[in-house]
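Subject: Structure handover

Hi,

Here is the structure for you to pick up. My notes on what was found follow below it.

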Protein chains: 4
Amino acid sequence: MDSLHRLEELFAKFPGIGPRQAKRFVYHLLNKSPSYIREFTQLIEEVRTSSHECEQCHRFFSSETKKPSGTCSICSDSSRDVSLLMIVARDSDFETVEKSGAYKGLYFVLGGTVPILDKEPDKRIRLKQLLEEVSRKSSAVKEIILSLNATPDGEHTATIVKEALHKVTKNRSVSISILGRGLSTGAELEYVDSETIKNALRNRTV
Amino acid sequence: MDSLHRLEELFAKFPGIGPRQAKRFVYHLLNKSPSYIREFTQLIEEVRTSSHECEQCHRFFSSETKKPSGTCSICSDSSRDVSLLMIVARDSDFETVEKSGAYKGLYFVLGGTVPILDKEPDKRIRLKQLLEEVSRKSSAVKEIILSLNATPDGEHTATIVKEALHKVTKNRSVSISILGRGLSTGAELEYVDSETIKNALRNRTV
Amino acid sequence: MDSLHRLEELFAKFPGIGPRQAKRFVYHLLNKSPSYIREFTQLIEEVRTSSHECEQCHRFFSSETKKPSGTCSICSDSSRDVSLLMIVARDSDFETVEKSGAYKGLYFVLGGTVPILDKEPDKRIRLKQLLEEVSRKSSAVKEIILSLNATPDGEHTATIVKEALHKVTKNRSVSISILGRGLSTGAELEYVDSETIKNALRNRTV
Amino acid sequence: MDSLHRLEELFAKFPGIGPRQAKRFVYHLLNKSPSYIREFTQLIEEVRTSSHECEQCHRFFSSETKKPSGTCSICSDSSRDVSLLMIVARDSDFETVEKSGAYKGLYFVLGGTVPILDKEPDKRIRLKQLLEEVSRKSSAVKEIILSLNATPDGEHTATIVKEALHKVTKNRSVSISILGRGLSTGAELEYVDSETIKNALRNRTV
């Protein structure tokens, strides 16, 4: 296979990209000047080498904002509420929550989710690092919030993480919570599934 | 305008139907036998005349299931929890909730919602009848649950209904609740809006 | 089954309507005044009884525009080109062509299409009436245009109609044509299927 | 702006990619091993440097398949019909046509289309090179086929190209054709626009 098709195959594995769009990406690059290509590839390498996986929350961040402690700007921000630790699956989930401005605690990025029937969750998510981090944070953490997708994979991952956490938290007063279920913004009752109705009723607020 | 186009116009006002589909409906009927047409129109009249608006919850039901009390099968079902009254906008919303099997109280159908900026809510929803019904049910009701869409119109209607209810409930121990907000089934965190993140965090459950 | 559910079932057989929307239609009617219901049902009956299937082209039209000859305004319009006869599947297809203003000949409405594997095309489309009409029009018709969908069912129906027409036209100078295939308005080459490319190439114009 | 956001911006300019997906692309790369990143960037550079713009048709191709003549495998394939020259806007359009197997002539890739109102078509498309190539091919070419999108930009580009070609072809017997217009595969008559009906009627085939 020539390099053109090998590149097509790499693009076809980008999130949400199929073979047809992968081909268009290759042509997009073919039409660019050599100086653009140089800038583009250098940027990719720079981003990869200059970006850092935070030692505590494991999210990626630009090392330009890296703290002497080896942690990201959030983990080293003393104004954040250290009693709260939110577990998210991916960096993009972290971004969604942070953008909402509704959360002021710390994070931990699992790095993925565990598909149902998967036998080796340890290879999918940072379970060992999570337990270490929770142990390390020790008494500071009062609540661990599982912020995972309300999908089968998300629920399955939540179950696995919860069980693992119970081992290291059982002798400490740490509560484990999950994001509330109910009507999402814009939901029209007529089209809502029974499960969501049940949750919305159970979580109704006065 | 001939009858064919007048019928087209009536169909074009059916929920979710545009002019093109209205035209197809007319052709659909034109291709039917006279006996089908007779059955169809008789059924429409029968449904309209034989269906009853329940005196208590104001939902429509077939008078074949009408109780001597003039109420529907739910309002006259002694096994329902009379301490709970759920307010829904439409009959179809009532159906969604009832189908979920998660609710065992009574209902009240408003008959619509109040658009923002609308000056005369009384013409849009059964506000007067609601207050009468709540007064009539008197001490039995302990909680009124507002089950309205999580849309601007739904929120606006909830505000109007809540204010009106406060007048008749202020001297009684009746709480007014709304359906819980949060992640609906299938929600993926990455695509969730900030408002829903806020609600899901606020309503998180241990 | 009560009348309410019987009506729901009839609506669920309307073109493009599923059970959920059928239910909404019933509630739509339940919320209408008795006078609306009376107007609606009378209109349906009126449209059905007052609309006429044209004796020649078999399309439905309001009898208010019926000609003494028993034919529709197009079949009795002496300015139309009688040498052209266009065969369409449905009244709605006739409307699309007529609205384009591109055709000035006469029509014949088959009343449907013949699904692949169907054994009795005669029960699906007005094949017998078509042959009678073509025989009756006799020497006037010079070209019969098959205007059927570019779908498997449309192609299959075209084949059946063409074969049947060959029997009655073989000794006469009548040509049978089909609508041109190629790029439809708005088509982007990159997303066009191979079949359409082939047709567009074969039918390219100088 | 740090490198992470600069890379995001470059990805957001990829065809069909918005800011959200651009961000996901960056995270996709952040999660990759250094060896993957090296392979990926090398492949991009290799594709760019090793791919060649054909001197005759101007499409890009891997130089691994480059002929001594400096042309691509199609331009140097003696079995292709040199009397036909097809003009396409982009490499991806070339691929669609070639994949259909319906065309055995040569190609010329314009490199883009000219938006309506654009004042300098020469900067958008390879107009000068096209005229040179047509002059060079001289008497061999008998038909030039304009295979452009059936969109306003495509039509506009066709007009510009046609006018330019007339200058160099006026004393020679070269015809200029465009792809046939009509029903594309799968088209349902009921939903077809009037322009397409007109074209399908004009291009009807016996």
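In chain A, the centres of domain 1 and domain 2 are 34 Å apart, taken over C-alpha atoms. Domain 1 covers 3-49 and domain 2 covers 80-178. These bounds come from an automatic or database domain assignment.

A word on the basis. This is a predicted model: local features need pLDDT of at least 70, side-chain atom pairs count only at pLDDT 80 or more, and totals for chains, interfaces and linings use all residues. Residues are numbered from 1 along each chain as its sequence is written, and chains are lettered from A and ligands numbered from 1 in the order in which they are written.

Chain A overall

Chain A has eight helices and six strands. Both are DSSP runs, numbered from the N terminus: helices are H or I with at least four residues, strands are E with at least two. From the N terminus on, the order is α-α-α-β-β-β-α-β-α-α-β-α-β-α. Along the principal axes, the C-alpha atoms of chain A fill a box of roughly 60 × 50 × 35 Å.

Which chains touch

Chain C meets chain D with 46 residues, against 45 residues of chain D. Contact here means C-beta atoms, placed from the backbone, within 7 Å. On chain C, four elements each supply at least two residues to that side: helix H4 (91-100), strand S5 (143-147), strand S6 (175-178) and helix H8 (194-202). H8(C) has the largest share, nine residues. By class, this side of chain C has 17 nonpolar, 19 polar and ten charged residues. Nonpolar means Ala, Val, Leu, Ile, Met, Phe, Trp, Tyr, Cys and Pro; charged means Asp, Glu, Lys and Arg; the others, Gly among them, are polar.

Chains B and A also meet. Here 45 residues of chain B are in contact with 46 residues of chain A. H8(B) gives the most to the chain B side, with nine residues. That side divides into 17 nonpolar, 18 polar and ten charged residues.

Two other pairs stay apart. Chain A and chain C share no contact, and their closest C-alpha atoms lie 10 Å apart. Chain B and chain D do not touch either, with nearest C-alpha atoms 10 Å apart.

One helix pair in chain C

Helix H1 (residues 3-11) and helix H2 (residues 19-30) of chain C pack at about 125 degrees, with axes 8 Å apart. That makes H1(C) oblique to H2(C). Axes are lines fitted to C-alpha atoms, for helices over the stretch in contact, and angles run from 0 to 180 degrees between N-to-C directions. Under 35 degrees is roughly parallel, over 145 roughly antiparallel, 65 to 115 roughly perpendicular, and the rest oblique. From H1(C), C:Leu4, C:Leu7, C:Glu8 and C:Phe11 meet C:Ala22, C:Lys23, C:Phe25 and C:Val26 of H2(C). These residues divide into six nonpolar, no polar and two charged.

Best wishes

Terms used. Contact = placed C-beta atoms within 7 Å.
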